[in-house]
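Dear colleague,

I am handing over the structure below, and after it I set out what was found. Please look through it before reading on.

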Amino acid sequence: MTLRLGYGTNGLTDLRLDDALGLLADLGYDGVGLTLDHMHLDPLAPDLAARTSRVARRLSGLGLGVTVETGARYVLDARRKHGPSLLDPDPDARAARTALLVRAVDVAAGLGAHAVHCFSGVTPPGTTTDTAWQRLTDALAPVLDAADSAGIPLAIEPEPGHLLATLADFHHLRTLLGDPGPLGLTLDIGHCQCLEPAAPVDCVKEAGPWLRHVQIEDMRRGVHEHLPFGDGEIDFPPVLDALAATGYDGLTVVELPRHSHAGPELARSSIDFLRRAAAGTTDGAAPC
């Protein structure tokens, strides 16, 4: 199976969305990981439905697929990174995050997206683990209902430092929720290198049945820093072979959210690197 490659707009925040999409199409990407944020399809600004329709037409005209991502740092709270989360002690704050995710499902339906990405958030100080898991399951219930109605999977991401940090945590959530059909997995290949007990290639094999979205970048063991390809420790050809073998047919999206200053050049070098890796070699990777 041929992998479908995308690039995340959270690594192109210095570009207008229209320009970012045109760049990715020109470079030969198959799609885009679209982070809903104030500069790129703001989910809280007026006329969201009309703006979503315009973006849908642009994506269609360029032949780009899309995943909706919800990791914008300050979209809900201008002073708290990723706040409020699904684990916030304040029920109204948790409800605001739930409402944003439900809105993201609506946007995804309007765009024809193949998944909506989300994550759990960090356990607040003084919160027991049991309480945190209960908050997470309660807060996700309306989102899963919306995803089920829209026919678009919700792909939760294990994130270092969060309550749901590993593949084992994802399976724990599945069990708590009764294994709902709309719940799937976002697998970040770099995160596997960072903290999973198994190697990235084995994580891909294990995750296969639940994959609904994939993010990819280089990373080093024990360091949660998204790196351009070739700057970390991951051996990518076997990882991409394993990913293709799962039958996953969604987007594999380059995730470099701290490199927007070099976004256009990194988008170019990243697709070149991944094409070589998919062919079994990463020799001669272009430096950035």
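By class, ten nonpolar, 17 polar and twelve charged residues make up the lining of the largest pocket, where Ala, Val, Leu, Ile, Met, Phe, Trp, Tyr, Cys and Pro count as nonpolar, Asp, Glu, Lys and Arg as charged, and the others, Gly among them, as polar. The model is predicted, so that local features need pLDDT of at least 70 and side-chain atom pairs count only at pLDDT 80 or more, while totals for chains, interfaces and linings use all residues. Residues are numbered from 1 along each chain as its sequence is written, and side-chain values use heavy atoms, with hydrogens and water left out.

The largest pocket holds about 790 Å³ of space, and among the 39 residues that line it, Gly71, Arg73, Lys81, His82 and Phe119 are the closest to its centre. A pocket here is an open set of points on a 1 Å grid over the protein atoms alone, where a 1.4 Å probe fits, with protein on both sides within 12 Å along at least five of seven lines, and lining residues have an atom within 4 Å of a point; the volume is the space filled by probe spheres set on the points, which are joined across faces, edges and corners.

Turning to the strands (DSSP runs of E, at least two residues; helices are runs of H or I, at least four, and both are numbered from the N terminus), S6 (residues 183–188) has six of its six residues buried, that is, under 20% relative accessible area with a 1.4 Å probe, protein chains only. S6 pairs in the parallel sense with S7 (residues 211–216) over four bridges, pairing being called when DSSP finds at least two bridges, and Thr186 has His213 in S7 as its bridge partner.

Best regards

Notes. Buried < 20%, exposed > 50% of the residue type's maximum accessible area, 1.4 Å probe, protein only.
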